[in-house]
Amino acid sequence: MRTTFTPEFNRAFAVLMGHEGGYSNSATDRGGETYKGISRVHHPAWQGWPMVDGAKAYAGFPVCLESNALLQTLVKDFYKGTFWDHFYCDSLPLPLALEVFEQAVNLGIARTARHLQQACNALNRNGKLFADLKEDGKFGRLTLQAVSLLVHRDDMDPLIKALNILQGAHYLAVMREHPEQETYARGWLSRVEITSTTMQRHLSYGAAA
């Protein structure tokens, strides 16, 4: 069955690809071999790896991978099924959906869910809007309800800002503990947006891409 990609996902995916790039196999990258941000270390069973391996024998590698339509569809399928759908991003306003999607891809599902829970707890008016969420990194009904309530109360901008503060703090902590990772500082920090206005500019770019 062919996966259906919503216009919202397509726009977010285009923005994401501006960060992820193409093929990489750097010795300093803890994710090891990657293709469009998909790490072989973390996702060894991805269906696209046999196609990537098969193309390595050709002189045009890795540029030739871009012309493989099935491989490109598998990339989109992976991101939609693994990250976008996990956080019900089609039900979120696009700037917030993009933020959650991008963090999930770069930081992992559990850390992103924990960031959402921490941000929601900071914005729940000392428990007046909803009881503090358990910050367990598991994205479930209560976390989605809390996010939806904050969006309904026009608290999306503070929520996005809180998420980005947590994202940036994580990068700094990683680089402090592992100084060799500072080689990725500019790329990592470029992923940290501060306002919905800045994010909307990226969304406009994604729509035109």
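Buried means under 20% relative accessible area, exposed means over 50%, and partly exposed covers what falls in between, using a 1.4 Å probe and protein chains only.

Before going on, some ground rules. This is a predicted model, in which local features need pLDDT of at least 70 and side-chain atom pairs count only at pLDDT 80 or more, while totals for chains, interfaces and linings use all residues. Residues are numbered from 1 along each chain as its sequence is written, and side-chain values use heavy atoms, with hydrogens and water left out.

**Stop 1: M156 and S39**

Stay with M156, which sits in helix α7; helices (H or I, at least four residues) and strands (E, at least two) are DSSP runs numbered from the N terminus. From C-alpha to C-alpha, M156 and S39 are 31 Å apart in space, and 117 residues separate them in sequence.

**Stop 2: the largest pocket**

Next, select D29, G31, V105, N106 and W188. Of the 34 residues lining the largest pocket, these lie nearest its centre. The space there comes to about 970 Å³. A pocket here is an open set of points on a 1 Å grid over the protein atoms alone, where a 1.4 Å probe fits, with protein on both sides within 12 Å along at least five of seven lines; lining residues have an atom within 4 Å of a point. Grid points are joined across faces, edges and corners, and the volume is the space filled by probe spheres set on them.

Colour the lining by element: α1 (7-20), β1 (23-24), α3 (69-84), α4 (94-107), α5 (109-122), α7 (156-177) and α8 (185-190) each supply at least two residues. Which element gives the most to the lining? That is α4, with 4 residues. Coloured by class, the lining shows 12 nonpolar, 17 polar and 5 charged residues (Ala, Val, Leu, Ile, Met, Phe, Trp, Tyr, Cys and Pro count as nonpolar, Asp, Glu, Lys and Arg as charged, and the others, Gly among them, as polar).

**Stop 3: E33**

Move to E33, in the loop between β1 and β2 (34-35). E33 counts as buried, at 11% relative accessibility. Show its side chain together with that of K56: a polar contact of 2.8 Å joins the two (a pair of N or O atoms within 3.5 Å; within protein, one must be able to donate a hydrogen and the other to accept it, and residues adjacent in sequence count only if both atoms are side-chain atoms). Beyond neighbours within four places in sequence, E33 is in contact (heavy atoms within 4.5 Å) with residues including Y23, I38, R40 and W49.

**Stop 4: two cysteines**

A disulfide is a pair of cysteine sulfur atoms within 2.5 Å, and the whole structure has 0 of them. C89 is buried at 1% relative accessibility, and C120 is buried at 0%.

**Stop 5: backbone details**

Most residues other than glycine have a negative phi, and most peptide bonds are trans. Against that background, zoom in on F61 and P62, where the peptide bond is cis, with omega near 5°. P62 belongs to the loop between α2 (49-55) and α3.

Then visit K36, in the loop between β2 and β3 (38-39), which has a positive phi of about 50°. Finish at D154, between α6 (141-152) and α7: its phi is also positive, about 65°. Which of these is buried and which exposed? K36 is buried at 11%, whereas D154 is exposed at 67%.
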